[in-house]
Amino acid sequence: MKRRVPRMMVIVLVTVALLALFILTALPGATRSRIGDFFGRVFDPLNSAFQKAVEGVSGFFTAVSDNKKLKDRVGELEEELGKLNREMIENREKVKAYEELKDALNLVTRFDDSKVLGSVILNKELGSYHDLIRIRAGRKQGLNAGGNISYPVVDQHSSLVGRVHSSETFSSKVMPLLHEAFSVSARVEGSYRSTFRVRGDILLREQGLCLGDSIPEGLPIKVGDLIVTSGEGGIFPGGVPIGEVVSLHASEDGKVVTCAIKPACDFDSLKHVFVILEQDDES
Amino acid sequence: MNLDATVRRRVAVYLPGLFLSAFLQISVYSSSAFLSPDFLFLFPLMAGLWSGGYDGFATGLAAGFLRDYLAGRGYGMGMLTGMFIGLLAGWLAYDDWRQYALRGGILVVVGTLLYEMTLSFFVWLFPMEELLTPLSSIWRVALARCPAKLLSNIIGALVLTGYLSLAFYRRKSKRENAGKVEDIRGGESLA
């Protein structure tokens, strides 16, 4: 017995409807968010529950196997605890002194003047075309990305991860640093000379690298240099680590024109990200 | 293969199957240490091949939507690709294990290549950036990924076949087991 195949008319109608949907969602704004909002209310909690269940199960087995090791470690740690308690008392004094100094000199640590929103990664890229990361933070948490509005995203070491691409009610999509549509104004750390552009590149992405291009003539740059954001692009604050130069590529006349950069952020083990929501212009 | 399961049963199999595929895909793609079958590509393919008819078409749309929601640049193109993958599988559905294995094997290989190339083509056709990457470079990268992807997808297809055969399991009657159907019209047997 063979079941009836779909009629040509149905296929044509659905194809036209999907093309229309694509055009509507490609436009900046409304439809994409509405579809995502509606579906996300059902799917995101299920997804979170599944991930928690997986973590719970794997955590249980890990706990059993690690139990013996932990017993040995407890003894060692108790010895260390006494030592650390003494150090803590000393450090408390140091922290107090640092805070006094910070107030006195008006020092600003990184992101002191920004609202930072922590978030869990729901899923990473799924392949070509489906190459954005979804995080559990959306409009309810104050993210309103879309169109020209975007927010920088960093990891727990304050290294650049990417930027928020679009926001829905409870979740958002993040365009990672390695994505070919991503670009950021950058400079070599410690140098306040000319800036250049760092962007994703399809060929380099396969090696986990991004591309530095538009490098001005005479810019002192070498392999091993740390590249940081320049703060000139408007979205990203200055001084956020992007990565390390791993190779330089020169033109025929010997001038350095591009470089390959290994991101400081470890995308493979990335589980949590931090979105920098707002900045005080006066800083 | 099950070409005569009821609609309710098919929905009861496909709906949790699709969600499970999505969750599994999210989990395996988060860890580069494992082979990562593309379950959201394989599910409509195996469903279409298993049941024929509108099943591949419908699950393709649903799986495409899940992909678009999870990591897509917009909605529509993932659904469209999933729908055609499901249709292709549905057209090849046949109620026989040997044919299922043969057609399924070929379809996973050809489908994986087609799917990767089509989505890569969309990357080139609808760029998000001002700088255009040549289609040849995009396809070269997609082709380089294909061997690992093919291996993963073959394993994934086996897993999904297991799921579908369990979910659509039907105990055979004594008559079917005997391999013959009695003539109930009375009189002499026609055999």
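The model is a predicted one, and every value below was computed from it.

Let's start with chain A by itself. Chain A has three helices and twelve strands. Of its 283 residues, 42% are buried. What about contacts along the chain? If we take the contacts in chain A between residues at least 6 apart in sequence, 56% of them join residues at least 24 apart.

Next comes the place where the two chains meet. Here, 53 residues of chain A are in contact with 61 residues of chain B. The area buried between the two chains is about 5,300 Å², with 66% of it coming from carbon and sulfur atoms. Polar links turn up here too: 19 residue pairs are in polar contact across the interface of chain A and chain B, counting pairs with both residues at pLDDT 80 or more. Several elements of chain A give two or more residues to the side that touches chain B, namely helix 1 (8-26), helix 2 (30-105), strand 1 (114-123), strand 5 (172-176), strand 7 (196-199) and helix 3 (202-205). Helix 2 of chain A gives the most, with eleven residues. Sorted by kind, the residues on this side of chain A come out as 23 nonpolar, twelve polar and 18 charged.

Now for the charged pairs. Side chains of opposite charge can pair when their charged atoms come close. Over all chains, the structure holds 14 salt bridges, and three salt bridges are found across the interface of chain A and chain B. In one salt bridge between the chains, R145(B) pairs with E206(A), and the closest N and O atoms are 3.1 Å apart.

R145(B) also has a partner in its own chain: it forms a salt bridge with E116(B), where the closest N and O atoms are 3.8 Å apart. E116(B) sits in helix 5 (residues 97-125) of chain B and R145(B) in helix 6 (residues 135-167) of chain B, so this pair ties together parts that are 29 residues apart in sequence. How covered are these two residues? E116(B) is buried, at a relative accessible area of 4%, while R145(B) counts as partly exposed, at 22% relative accessibility. Elsewhere, salt bridges with shared partners bring D131(A), E180(A), R205(A) and R73(B) together in one network.

Chain A has salt bridges of its own as well. R134(A) pairs with E168(A), with 2.9 Å between the closest N and O atoms. R134(A) counts as buried, at 0% relative accessibility, and E168(A) counts as buried at 3%.

The pair K222(A) and D225(A) gives another salt bridge, with the closest N and O atoms 3.2 Å apart.

Methods
Residues are numbered from 1 along each chain as its sequence is written. Chains are lettered from A and ligands numbered from 1 in the order in which they are written. This is a predicted model: local features need pLDDT of at least 70, side-chain atom pairs count only at pLDDT 80 or more; totals for chains, interfaces and linings use all residues. Side-chain values use heavy atoms; hydrogens and water are left out. Contact means heavy atoms within 4.5 Å. Buried area is the accessible area (1.4 Å probe) that two parts lose on being put together, summed over both. A salt bridge is a side-chain nitrogen of Lys or Arg within 4 Å of a carboxyl oxygen of Asp or Glu. A polar contact is a pair of N or O atoms within 3.5 Å; within protein, one must be able to donate a hydrogen and the other to accept it, and residues adjacent in sequence count only if both atoms are side-chain atoms. Helices (H or I, at least four residues) and strands (E, at least two) are DSSP runs, numbered from the N terminus. Ala, Val, Leu, Ile, Met, Phe, Trp, Tyr, Cys and Pro count as nonpolar, Asp, Glu, Lys and Arg as charged, and the others, Gly among them, as polar. Buried means under 20% relative accessible area, exposed over 50%, partly exposed in between (1.4 Å probe, protein chains only).
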